[in-house]
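Here is a short briefing to read alongside the model. Take a moment with the sequence and the fold, then work through the points by topic.

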Amino acid sequence: MAAVDTIDPARVAKLAADMQQRCRLFLAELEQFQAYLKDQKKERQVELRTFKASLQSEMKAIDRLVAADPNLPRTVQGLRTSNLSFFEAVWSTAKTCTHLTALKQRSYWLPGPHPAYVNGPVAPPATRDRTYSTVVDIVSQGGLEWVKVSSVTEKRIIWDLTRAGWAADSSSEESEDVQADDGLNLEGLLKQAEALVKASQATRVRYQHPKIRLVLPNIKAQPDAKVVANVLRQIRNLGVNVQTAEDMPSTFPSVTEVLSRLDTDPFEAFSGTLNVDCSILLAFASDVSHGRVEPEHWHNKIISRQIEMESEDNVLPSSVWPACGARKLVCTREAAEKMQEIVDTMGTETEKRRAALLLGRDSRLAREQALEEFQKLSDYPIPPEWNLPLEVVDVDMASIMASLPSAAKKVSEIFLPTGINRSVFLFGWSADLTTISSNAAAARDIEMAIEEENLSSKRLKGQATVQDTKGPNIWICPFARSLVGKEKTRRGAKNDTLE
């Protein structure tokens with residue numbers, strides 16, 4: 001924002017009105033994005049509440065300044081110190097990103113030489129101390145990129161360094177050799193970058209640490225002060241991607257132009273062939289997944305709840321079929337046999353028929369005919385690209401274990417005690433296939449076990465010498481579905497949803 005050197009009431013009032021209009025347009029764009037996410041039923045996948053609340057607070061402050069006396073120095077000071085330009089820079093940068101997952105997200109780390117994972121779904125319970133935390137302005141690429149936007153200027157960086165104890169003249173040769181030694185924790189930009197790196201090292205997204213990008217629209221690629229250039233060099237040496245004024249686009253798109261790009265794509269990292277867990281096979285076969293099921297007094301609580309949830313959100317059309325797309329579908333023989341066992345024991349006639357179509361029991365039917373038959377058993381339109389039937393594959397566990405990293409042994413013995421879970425998840429891992437499942441507990445245990453192995457290896461062999469193990473790519477359907485079953489088999493029956 002341009003400085004106001006003298007109090008010119010007309011100029012102050014015009015500036016306040018301009019800022020008010022900018023903030024209103026900004027809020028309108030943010031709300032347009034929220035409306036789009038709600039229409040796509042993805043509002044829970046992007047965290048915007050903290051950022052929006054901060055912007056709304058800024059809007060109230062600007063409204064008060066518009067109504068204030070423009071002759072008063074505190075009105076001028078309020079306009080000068082407004083955070084609106086910073087918020088605009090964050091939002092403008094966000095609109096150039098892809099697969100947005102959060103704005104203004106606080107992330108943590110634990111002190112010590114070996115970072116523990118304290119952010120994300122696999123983080124163990126731990127006391128989070130805001131002393132060891134930082135705010136990430138933009139989380140994009142489905143969580144794999146963290147973006148920090150700073151409106152800092154060269155003068156501010158020099159001032160921060162001076163306050164931290166660096167009295168070197170920015171024009172002197174000595175300023176080239178300024179180092180952040182272990183005994184001095186520099187204030188300002190470098191400190192922010194170091195905090196981001198620590199928090200990133202305490203975070204895993206699909207077995208990867210988020211990459212960090214620092215956006216500096218008010219800093220040139222070749223700063224005038226050598227000491228500032230040195231700070232940028234130190235930040236880059238931390239592994240941070242630094243973008244300066246020259247890297248910024250001359251104009252930014254409207255939110256309407258980039259809605260689909262900002263939208264998260266949960267299937268982007270999927271393999272061309274999907275490994276289907278028994279829990280998804282049951283969801284495909286279940287009467288609950290294919291239309292209205294009348295509640296019965298003998299339905300257990302799980303079935304009753306699933307019937308209620310299906311009336312609000314149809315799990316196959318909204319989640320599972322979009323995940324499948326036109327991809328080839330396979331399942332292990334153990335998964336197919338377990339599903340068939342459950343269907344034979346308690347399935348209704350329609351559930352048995354769907355199971356037979358899924359596994360291609362009637363070899364006379366071509367794919368198009370199988371889809372037509374399946375459509376007769378569902379109230380929902382069956383996607384024409386859905387690949388029926390599934391291919392059932394035999395797995396050799398000895399060969400699979402030999403092909404996987406050492407962490408697989410711990411995963412197999414501790415977290416996958418049942419043969420079906422072992423065959424499904426370890427097969428998907430060894431074949432580099434995305435496994436689709438509703439077994440969230442198993443997926444969480446696998447990821448946690450692999451992270452523990454990675455941490456253990458780093459403690460034993462050293463941080464820089466260890467290549468992290470990447471575990472299986474698992475997509476979790478947000479809702480499980482059980483077979484409705486028949487009354488005589490359902491009374492007292494255990495839940496057939498695999499956990």
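Buried means under 20% relative accessible area, exposed over 50%, and partly exposed in between, with a 1.4 Å probe and protein chains only. This is a predicted model, in which local features need pLDDT of at least 70, side-chain atom pairs count only at pLDDT 80 or more, and totals for chains, interfaces and linings use all residues. Residues are numbered from 1 along each chain as its sequence is written, and side-chain values use heavy atoms, with hydrogens and water left out.

**The chain overall**

- The protein chain has 19 helices and ten strands; helices (H or I, at least four residues) and strands (E, at least two) are DSSP runs, numbered from the N terminus.
- Of the chain's 499 residues, 48% count as buried.
- Among contacts (heavy atoms within 4.5 Å) between residues at least 6 apart in sequence, 78% join residues at least 24 apart.

**Helix H17**

- H17 covers residues 419–430, and its twelve residues reach 16 Å from first C-alpha to last, close to the 16 Å expected at 1.5 Å a residue; the expected span is 1.5 Å times one less than the number of residues.
- Nine of the twelve residues in H17 are buried, including Ile 420, Phe 425, Phe 427 and Trp 429.

**The parallel sheet**

- Five strands form an open sheet in the order E8-E7-E6-E9-E10, with parallel pairing; two strands pair if DSSP finds at least two bridges between them.
- Strands E8 (391–393) and E10 (474–476) stand at the edges with a single partner strand each, so one side of each has no neighbour in the sheet.
- E6 (residues 273–276) and E9 (residues 434–437) pair in the parallel sense over three bridges, and Thr 434 in E9 is the bridge partner of Leu 274.
- Helix H9 (residues 278–285) lies across E6, E7 (328–332) and E9, running at about 90 degrees to E6; axes are lines fitted to C-alpha atoms, for helices over the stretch in contact, and angles run from 0 to 180 degrees between N-to-C directions.

- Another open sheet of five strands has the order E1-E2-E3-E4-E5, with mixed pairing.
- Five bridges join E3 to E4 (residues 211–215), and these two strands run parallel; Val 147 stands opposite Arg 213 in E4.
- Lys 148 sits in E3 (residues 145–149) and is buried, with a relative accessible area of 13%.
- Leaving out residues up to four places away in sequence, Lys 148 touches several residues, among them Asp 137, Gln 192 and Arg 213.

**Salt bridges**

- The structure holds 22 salt bridges, each a side-chain nitrogen of Lys or Arg within 4 Å of a carboxyl oxygen of Asp or Glu.
- Lys 42 and Asp 263 meet in one of them at 3.1 Å, N to O.
- Lys 42 lies in the loop between H1 (9–39) and H2 (49–67), and Asp 263 in the loop between H8 (255–262) and E6, so the pair ties together parts 221 residues apart in sequence.
- Both Lys 42 and Asp 263 are buried.
- Glu 47 and Arg 49 also form a salt bridge, with the closest N and O atoms 2.9 Å apart; Glu 47 is partly exposed at 28% relative accessibility, whereas Arg 49 is exposed at 63%.
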